[in-house]
Amino acid sequence: MSTLMDNGNTVSAEVDAAVIEELHEALESGELVLFVGGGISAAAGLPTWRQLVDLLVERVREQAGDEVAIAEVAALARSQRYSEALGAAEQALGAAEFNAFVEDALDDEGLEPPRIAIAIAALRDKLRAVLTTNLNHLLERAFGFEWDTMWQVTDEVAWRRRFILKLHGTLKEPYSWVFARERFHASIAAPDVRKSLTAVLSKCPVLFIGFGRADSNFDEMLSDIHALSGSSPPPRFVIAPGASLTPHRREALSEMGFQLLPYDTADGSHDRVLAILDRMCAPRPRAVTSHARSILPPPIPDLELPPASSPLGPSYDLRPDSAAYDDAVAMPGVFEASRRERASEPPASPIEVFFSYSESNRELRDKLETHLAILKRKGVIRGWHDGEVGAGEERERMLAEHLETAKVILLLISADFLASDFCYDVEMQKAIERHNRGEARVIPVILDACDWEGAPFGKLSSLPRGGRPVTSWVNQSEAFTDIAKGIRKQVEQLTQNPP
């Protein structure tokens, strides 16, 4: 009987089993970071980078009619230098035409997230974060938009959990797109950005998934990760089609410390990826049930072939590699029909939330505090501001004490806040110091329109989402509700992973 990992692309079933066991331990640690490639998009029926460039060659031919430009894009495509080909196509078409074409070609609206995306999302209770090179929103949709999405590396990456970081930008914001390698390097060149990435990659195990032959920058990306991981990096794993792991590539990756899990794609599908994830997540020991049946989502189309040549097929049964497995593959750890929710028990003691604000914004502060009432009633948080100072107490001493001990610090930003010496030079500076040391989380709350982006907190994720000032909302209750939800997410993360 053939085993799960018994294929021509692997060294031995024993070696694969040992790597999967180590990957299981990394997942259970709660620190595993997933790095997701373009295979997720292709599995949903969107074009691969190769197919996108081929489409752009035709577009350049139709729109520009410049034979030199056509030849340049086509030559770069043939040599699999896709990022350069995209740059040449943008130059030939013009930014507006290029952006509109790419956005239309990669638009995932109306497409169901593929089952590999669903499988990844099912791991979210144990993952630290997801990094991806995809522009579309398939992963966010598979995650039910429960995780925050970022497309710019900030210092938050060093301490945040439960977020999706889109390293190449996001589809609806063309200004964020990073195709050329030079632009990617420029986007992570700042010392604080590299420090944040290094802080994560030097201590968190990383699993690469969804990369194949069509990803010409795969090796370069792995090299970048290796360089940012320090001299003694944590375990790093690669699940990839065996055909994409040439002898030279295998040797190079092994020398950099990557542990490889190749798999066969003889039938044109990538179903074995799900089987590997099943093995990775299976409880130890795994219970045998007499009525286990597969609850896998539909098969994954080939990551390398055009969508039309890889139609969705029927569900499959995969032979087990142990007598403890039933004939049909069940997914108890990864593909449960209903995901186990995180425990919602309140913390042993409420998390203190400190309000830093200008006196002129007292009314808005009171409204925000009202919208946080449910968290206070449940004993999850305890709010504190200078209005809590009692008669006979020293105001400055009390402020300093609570600013030093609070786990969440809300900066209620307005022009008056920025103009206040005490708010800006004392409270905000102290808050940022504690934030940078990982002792507290600082959340800017934008109350009124002002020029705040250049402030020390300007790189932090702000509320309401998108940094839209509360006073610009027609219905301010909607703005405060958005803020309250964002604060609740941060408090939940602190409850589960205290600093």
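Which residues of β1 point one way and which the other way, and are they buried or exposed?

Analyst: Let's start with some ground rules. This is a predicted model, where local features need pLDDT of at least 70, side-chain atom pairs count only at pLDDT 80 or more, and totals for chains, interfaces and linings use all residues. Residues are numbered from 1 along each chain as its sequence is written, and side-chain values use heavy atoms, with hydrogens and water left out.

Now your strand. Val-33 and Phe-35 point one way from β1, Leu-34 and Val-36 point the other way, and all are buried. "Buried" means under 20% relative accessible area, with exposed over 50% and partly exposed in between (1.4 Å probe, protein chains only). In a regular strand, side chains alternate between the two faces of the sheet. As for the names, helices (H or I, at least four residues) and strands (E, at least two) are DSSP runs, numbered from the N terminus.

Who sits beside β1? Strand β1 (residues 33–36) pairs with strand β2 (residues 129–132) in the parallel sense, over 4 bridges. Two strands count as paired if DSSP finds at least two bridges between them. Within β2, Val-130 is the bridge partner of Leu-34, and Thr-132 is the bridge partner of Val-36. β1 also pairs with strand β5 (residues 206–209), again parallel and over 4 bridges. There, Phe-35 has Phe-208 as its bridge partner.

Zoom out a bit and you get an open sheet of 7 strands in the order β3-β4-β2-β1-β5-β6-β7, with parallel pairing. At its edges stand β3 (148–150) and β7 (258–263), each with a single partner strand, so one side of each has no neighbour in the sheet. Neighbouring strands here are turned by 20 degrees against each other on average, direction ignored. For angles like this, axes are lines fitted to C-alpha atoms (for helices, over the stretch in contact), and angles run from 0 to 180 degrees between N-to-C directions.

Leaving out residues up to four places away in sequence, Leu-34 touches Ile-120, Leu-123, Leu-127, Ala-129, Val-130, Leu-131 and Leu-207. Touching, or contact, means heavy atoms within 4.5 Å. Leu-34 also belongs to the largest nonpolar core, which has 35 residues; Leu-34, Ile-116, Ile-120 and Val-130 touch the most other members. A nonpolar core is a set of buried Ala, Val, Leu, Ile, Met, Phe, Trp, Tyr and Cys residues joined through side-chain atoms within 4.5 Å. Helix α13 (residues 271–281) gives the most to this core, with 6 residues. There's a second, separate core of 30 residues, and Leu-165, Val-193, Ile-225 and Leu-260 are among its members. In soluble globular proteins, nonpolar side chains tend to be buried together.

Elsewhere, there's an open sheet of 4 strands in the order β9-β8-β10-β11, with parallel pairing. Its edge strands, β9 (381–384) and β11 (441–446), each pair on one side only. The twist averages 25 degrees from one strand to the next. Helix α16 (residues 395–405) packs on this sheet, touching β8, β9 and β10, and its direction makes about 125 degrees with that of β8.

Finally, the whole protein chain: it has 19 helices and 11 strands, and 52% of its 499 residues count as buried.
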